[in-house]
Amino acid sequence: MSSARSNQSATAVIRNQILWDRLIAVVEEQAQTIIRTAFGAAAREAGDVSAGLFLPDGRMIAQAVTGTPGHVNSVAESVRHFLAEFPAPTMRPGDIYITNDPWKATGHLFDITVVTPVFLGSKLVALFASNTHVVDIGGVGVGPDATQIYHEGLFIPIAKLADRGEMSKTVLDFLRANVRDPVQVVGDVYALVSCNEVAGRRLAGMMREYGLKTLQPLGEHIIAQSHAAMLKAAAAWPAGTWHHEMTIDGYEAPIHLKAALTVSARGIEVDFTGSSGAVQRALNVPKSYTDAYTSFGVRCIIGADVPNNAGSLGAVTVKAPEGSIVNALPPCAVTSRAIVGMMLPDLVFGCLRQACPDRVPAEGASSLWNIRLVGGQPMAGAPAEDFLAGRRFTQVSFTTGGTGARPRQDGLSTTSFPSGVRNTAVEISETMAPLVFWRKEYRLDSGGPGKYRGGLGQVVEVSHAEHVPMILAATFDRIKFPARGALGGQVGAPGRVRLKSGRELNGKGRQLVPAGDRVIIETPGGGGIGEPRERAPESVERDVRHGLVGAEAARDVYGWE
């Protein structure tokens, strides 16, 4: 009898693993469908998307590997908000729901989330949610210049996008009428609809194949196992509370971030009490986005191998005072919330380094240095005819700096962390807008010196192809406060943005690029780990040979001869 029970248990384990692998395949196809069918470069080229599977009560049980933490981890909670507006018993086959509510989805209006219920017969068995960043949502456009959410574009409350298979002409008409590039934006909405539909068909096929009438037992098992695994991972760390602080550039004034991280038998708690208050520019972060990047920062170090779902995310608790920069309330402006939100993993790392110094990376460039260029639109203080003479466009070229040095490894150059998006190929940007990219290369000596060097930033030089003015909507940080090194490692190079004609530009805000001039972007490097003179001579020699470190820095900083 004992042997029979053991065999049954082993069979159940194998079956659950097979079903889990199938679910991951389903959500990964969901994400890849967005990328293959999207109109906008953010999804198609950079992979700025998320895709996930949820139980009928709104708990996430599986997410695609493809995607960004800011989207995935915040969407993990957003489905509950959809269910509050449209309870599960009211849903019917063919219904589809939509929102870009920053406080109930992923933190700003540019991210559109679509939720689709899945039925077997007449029974609701699951929901799929997907999300992507669209090129435009109206309002003042990209950048941190807005002072209230009302300036930032079209706000779509949680609404029904399709009723029993019939798309809402009203919702789509509102969308088309309020954005500058309706073809791209509406095309991306249909990509989200398509990816959920494909995933729904795959899930229904899998359930029929394995004779599943409901996902509830499997989902409960996945969530429980993941929660237990996360608590076990936390138990392997010292119990206690650690504090860390960080100052970043901000807009008119620097922003101070402060965290207290506690590891206990109940899991991990991160408390941001003491951080700066909300500001009058669009750098504010809704709590959903703070939760997303804080939990991601924890999960990079503790429980990195545990599946990301409601169970593992539930082991991380985030506290942030209402009205603070990391828990901004309506009607705060939030378009550029990523500038602050993407710094939070570095803040978490600073706490965890005190517990286990040899397991945590140094600070990196962290927030993206996306090159946001706008043409064919007037700008205050400049002759309107100069701008309106050019082709109208809004183009975002995803661009990155270097990551911090890792334990026993150098940092990664020109790599997006913590976002995970890909850099946009210049050839793609040039086909989508009248732009010329003259240069895109590693930035010499930008990686913070150390026994393990920080990752390098890059230099990008770009101009308007038609020799007319354009607008740079800057959302750059790490200019005044570069990425810090750790354990004796030095800071990475600060970022810089200027015109080829010589004028220095601000790190944030909409600024004029005169006709015929070029913008030069120098992205920040990551901090180093360990004393630079402890770096292996062969590593320094290789860096010099590959053009990553100059001979003078190799001699003066690393002691290389």
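The model is predicted: local features need pLDDT of at least 70, side-chain atom pairs count only at pLDDT 80 or more, and totals for chains, interfaces and linings use all residues. Residues are numbered from 1 along each chain as its sequence is written, and side-chain values use heavy atoms, without hydrogens and water.

**Stop 1: the α1 helix**

Select Thr33. This residue sits in helix α1, residues 2–37. Helices are DSSP runs of H or I with at least four residues, strands are E runs of at least two, and both are numbered from the N terminus. Is Thr33 buried or exposed? Thr33 is buried, at 5% relative accessibility. Here buried means under 20% relative accessible area, exposed means over 50%, and partly exposed lies in between (1.4 Å probe, protein chains only). Now show what Thr33 touches: Ser194, Cys195 and Val198, leaving out residues up to four places away in sequence. Contact means heavy atoms within 4.5 Å.

**Stop 2**

Select Ser168, in the loop between β7 (166–167) and α4. Ser168 counts as buried, at 18% relative accessibility. Apart from neighbours within four places in sequence, Ser168 contacts Lys160, Leu161 and Ala162.

Next, select residues 169–178 and 182–209, which are helices α4 and α5. Their axes come within 8 Å and cross at roughly 145°. Axes are lines fitted to C-alpha atoms, for helices over the stretch in contact, and angles run from 0 to 180 degrees between N-to-C directions. What is the handedness of the crossing of α4 and α5? The crossing is right-handed. A crossing is right-handed if the near helix is turned clockwise from the far one by less than a right angle, and left-handed if anticlockwise. Show the side chains that make the contact: Leu172, Leu175 and Arg176 on α4, with Pro182, Val185, Val186, Val189 and Tyr190 on α5. By class, this contact has seven nonpolar, no polar and one charged residues. Ala, Val, Leu, Ile, Met, Phe, Trp, Tyr, Cys and Pro count as nonpolar, Asp, Glu, Lys and Arg as charged, and the others, Gly among them, as polar.

**Stop 3: a lysine on α6**

Select Lys232 in helix α6, residues 216–235. Lys232 is exposed, with a relative accessible area of 68%.

**Stop 4: aromatic rings**

How many aromatic pairs does the structure hold? There are six. Rings of Phe, Tyr and Trp (its six-membered ring) pair if their centres lie within 6.5 Å; planes under 30 degrees apart count as stacked, over 60 as edge-to-face and the rest as tilted.

Start with Tyr293 and Phe296. This pair is edge-to-face, at 6.4 Å centre to centre and 90° between the planes. The two residues are about one helical turn apart because they are three residues apart in helix α7 (residues 287–301). Tyr293 is buried at 1% relative accessible area, whereas Phe296 is partly exposed at 22%.

Move to Trp369 and Phe476. These rings are stacked, 4.3 Å centre to centre with 10° between the planes. Trp369 lies in the loop between α10 (344–355) and β12 (371–375), and Phe476 in the loop between β16 (470–475) and β17 (496–499), so the pair ties together parts 107 residues apart in sequence. Both residues are buried.

Then select Tyr289, Tyr293, Phe296, Phe349 and Phe417, which form one aromatic cluster.

**Stop 5: arginines over rings**

Select Arg281 and Tyr251. Arg281 lies over the face of Tyr251, 4.6 Å from the ring centre. Arg518 does likewise over Trp438, at 3.7 Å. A charge sits over a ring if NZ of Lys or CZ of Arg is within 6 Å of the ring centre and within 35 degrees of the ring normal.

**Stop 6**

Most residues other than glycine have a negative phi, and most peptide bonds are trans. Select Pro330 and Pro331: the bond between them is cis, with omega near 10°. Pro331 is in the loop between β11 (316–319) and α9 (337–341). Phe417 and Pro418 are also joined by a cis peptide bond, with omega about 10°.

Finish with Thr414, which has a positive phi of about 40° although it is not a glycine. Thr414 is buried, at 19% relative accessible area. Leu487, in the loop between β16 and β17, has a positive phi of about 55°.
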